[in-house]
Amino acid sequence: TRGVAVAGDVMYDLYLKMAPRFTPDATCARLGLKKEGFIIATLHRDFNTDDPKALAEILEGLKKAKKESGLEILLPLHPRTRKRIAEFGLQGGLKGLCTAGPLGYLDLMSLTQHCAAVVTDSGGYQKEAYYAGKRAVVLMPDTGWRELTDAGWNVLCEPEAGQITEKLVHVLKSIDYPEK
């Protein structure tokens, strides 16, 4: 179309530039994770972490998803999330989940290469998961990456335990394209 130019995608450019530095096998081994045997969950948005009910539901949904899928759940804890879990007395919600401290870009992208799926409230990570060929349950009311949800690759999800489990089980299956 006249006057329209594709200028690129700086997130994808960075991903491609850094990909030779990803170390999925070594990073999984360091954390005791098996290839395709885990789900990565990242959680830091205020609307999920600052609401005790939402945070409790998300943790419960992750635990139910672990039981339903048989996969480990890796939850690298953002400082805000760790603080709110302690503040709200939700430490029991972490029982059975594999927790870690915050991960840097190379570690997170390395792990994403070998995970089964992603659960996130991160604007960028839901797109980076797509670059790695991994589907995501997006714990947000909306997304800036509508093309991924419109295609059925990523799915939006409310902070409700049953919905998290249901949608995660769905994304672990082959992609279902939405009806036209």
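Guide: Start with Cys28. Cys28 counts as buried because its relative accessibility is 3%, and buried means under 20%. Keep in mind that this is a predicted model.

Visitor: How do you know that Cys28 is too far from the closest cysteine sulfur for a bond?

Guide: The closest cysteine sulfur belongs to Cys115, 8.6 Å away. A disulfide needs the two sulfur atoms within 2.5 Å. Therefore Cys28 and Cys115 are too far apart for a bond.

Visitor: How many disulfides does the rule give?

Guide: The count is 0. Cys115 is in no disulfide either, with the sulfur of Cys28 as its nearest.

Visitor: Is Cys115 buried or exposed?

Guide: Buried. Its relative accessible area is 0%, and the cut-off is under 20%.

Visitor: Why is Glu36 called partly exposed?

Guide: Its relative accessibility is 38%. Buried would need under 20%, exposed over 50%. The value for Glu36 lies in between, so the label is partly exposed.

Visitor: What makes the backbone at Glu36 worth a look, and where is this residue found?

Guide: Phi is near 65°. That is a positive value in a residue other than glycine. Glu36 is in the loop between helix H2 (24–31) and strand S1.

Visitor: How do you know that Glu128 has no salt bridge?

Guide: The nearest side chain of opposite charge is Lys127, at 9.4 Å. A salt bridge requires nitrogen and carboxyl oxygen within 4 Å.

Visitor: Which members of the largest nonpolar core touch the most other members?

Guide: Leu59, Leu75, Val119 and Leu168, out of 25 residues. At least two residues each come from S1 (38–42), H4 (52–69), S2 (72–76), S4 (117–120) and H9 (161–172). H4 gives the largest share, 5 residues.

Visitor: What is Leu59 in contact with, leaving aside neighbours within four places in sequence?

Guide: Leu75, Ile85, Leu90, Gly93, Leu94 and Leu97. A second, separate core has 21 residues, including Tyr15, Met18, Val118 and Ala132.

Visitor: Why might nonpolar side chains gather like this?

Guide: In soluble globular proteins, nonpolar side chains tend to be buried together.

Key. Residues numbered from 1 in each chain as written. Predicted model: local features only at pLDDT ≥ 70, side-chain atom pairs only at ≥ 80, totals over all residues. Heavy atoms only, no water. Core = buried A, V, L, I, M, F, W, Y, C linked by side-chain atoms within 4.5 Å. Buried < 20%, exposed > 50% of the residue type's maximum accessible area, 1.4 Å probe, protein only. Helix = DSSP H or I, 4+ residues; strand = E, 2+ residues; numbered from the N terminus. Contact = heavy atoms within 4.5 Å. Lys, Arg positive; Asp, Glu negative; His and termini not counted.
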